[in-house]
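Subject: Model for your files

Dear colleague,

Please find the model below, followed by notes on what was found in it.

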Amino acid sequence: MTKLALPLVALAASALLGCGSACQELADRICHCQPAGSLRDTCVSSVRNQLGNATQRPTGADQPRCETLLSTCPDPDVKASQCQRILTPEGKRECGLAYGPADGGS
């Protein structure tokens, strides 16, 4: 697993993902930064498995947070440098993979 796969599992476990939603789009953007092939497929599969778990489905309150994160976490298909940016602390915060001071992080 690459450096992005582990935070993605944490993101999914925190119930930020939702099928056909802003949260799903966010997860897809993060997975798309995995190398094409088995790593990306595993990332997508892990997200789908998390979505299948009823206890981890998002609430209505999760969607606005995901929508906000979509505005700060560019699509790597549109902004090629996004996959490098997501490896930085700022990039992680912008995509919801880490908390910043305003979110209760340090």
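Does Glu25 count as buried, partly exposed or exposed? Glu25 counts as partly exposed, because its relative accessibility is 30% and the partly exposed class lies between buried (under 20% relative accessible area) and exposed (over 50%), with a 1.4 Å probe and protein chains only.

On provenance: this is a predicted model, in which local features need pLDDT of at least 70 and side-chain atom pairs count only at pLDDT 80 or more, while totals for chains, interfaces and linings use all residues. Residues are numbered from 1 along each chain as its sequence is written, and side-chain values use heavy atoms, with hydrogens and water left out.

Overall make-up. The protein has six helices and zero strands, where helices (H or I, at least four residues) and strands (E, at least two) are DSSP runs numbered from the N terminus. Along the sequence the pattern is α-α-α-α-α-α. The protein has 106 residues, and 38% of them are buried. Of the contacts (heavy atoms within 4.5 Å) between residues at least 6 apart in sequence, 66% join residues at least 24 apart.

Salt bridges. Side chains of opposite charge can pair when their charged atoms come close. The structure holds two salt bridges, the term meaning a side-chain nitrogen of Lys or Arg within 4 Å of a carboxyl oxygen of Asp or Glu.

One of them joins Glu25 to Arg29, at 3.1 Å from N to O. Both residues belong to helix α2 (residues 22–32), where they sit four residues apart, about one turn of the helix.

Ser46 lies in helix α3 (residues 38–51) and is partly exposed, because its relative accessible area is 23%. Its C-alpha atom is 9.8 Å from that of Cys31, a residue 15 positions away along the chain.

Regards
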